[in-house]
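Look at the structure first, then read on.

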Amino acid sequence: MTDTSEPVIGRRTVLIATGATAATLAVAAAVPGAPAAAEGDDAVPVAAAAVCTLTKEMTEGPYYLDGQLVRSDVTEGKAGIPLKLRLTIVDDDTCAPLSGALVEIWHCDALGEYSGYVGNNGHNEPDDGTFLRGGVLTDSGGVANITTIYPGWYRGRCVHIHVKVHTNVTLTSDGSFTGGQEIHTGQLFIDESLTAKVAAISPYSTNTVTRTTLAQDGIYDDGGASSGLLTTTALGSSTSSGYTGTLTLGVEQG
């Protein structure tokens, strides 16, 4: 079963940019000689509308599970190359950071298996129903930092990470969350040249399923950051050292 078998959910216009630094540079380049905002102005920072790119929500897919844990590290000891996500959530009307939003991710392991659904990609391994699932609340700058591993792949889909953004959730005593409003559902993608390097390293190299590339994927539309493509930075001198993945997502609050 693949994500492509699921209908695309209702569409919501959102904004995505590659980060505050890029935003500031792009605004400066787009408006030569534009005056800087005066100190004490109530206006939002100039990481604004000129740099945000319109995109669409993407399918939730068949492997979502409700009530996952609120935690910054979702690895649970899963083998794989480290991936540190830094996702910034901003309001689509103002590009102001959205604090206190819950950013939730889920994705498959190096063998293409999702917790709660192990075996669907042809590999037999323990399944606790929670590995590589969870989320965190954004800080005052709208940033959610989540530690995971580089995703593997499963039949018919390229490497990807699912993401949801919720507002006004209530944290529960069992470490999960309830209530609130779900304001964005999408997917995050990684450059194909990087994935090719990762795929050659164990345990990814033991995945017996043929890998679908970004260009072959039926959901990714080659839209770059506007379609969820992460900006990646190496954590060390080798592929095995891992990567950071950053993206700014603008969401519609109402």
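The charged end of which residue sits over the ring of Phe131? The charged end of Lys78 does, 4.1 Å from the ring centre. A charge sits over a ring if NZ of Lys or CZ of Arg is within 6 Å of the ring centre and within 35 degrees of the ring normal. Lys164 likewise has its charged end over the ring of Tyr64.

| Charged residue | Ring | Distance to ring centre |
|---|---|---|
| Lys78 | Phe131 | 4.1 Å |
| Lys164 | Tyr64 | 4.8 Å |

This is a predicted model: local features need pLDDT of at least 70, side-chain atom pairs count only at pLDDT 80 or more, and totals for chains, interfaces and linings use all residues. Residues are numbered from 1 along each chain as its sequence is written, and side-chain values use heavy atoms, with hydrogens and water left out.

Now the ring pairs. Rings of Phe, Tyr and Trp (its six-membered ring) pair if their centres lie within 6.5 Å; planes under 30 degrees apart count as stacked, over 60 as edge-to-face and the rest as tilted. The count comes to seven aromatic pairs. Tyr63 and Tyr154 are edge-to-face, because their ring centres are 5.6 Å apart and their planes stand at 85 degrees. This pair links distant parts of the chain, 91 residues apart.

Tyr150 and Tyr204 are buried.

One aromatic cluster is formed by Tyr63, Tyr114, Tyr117 and Tyr154.

Key. Helices (H or I, at least four residues) and strands (E, at least two) are DSSP runs, numbered from the N terminus. Buried means under 20% relative accessible area, exposed over 50%, partly exposed in between (1.4 Å probe, protein chains only).
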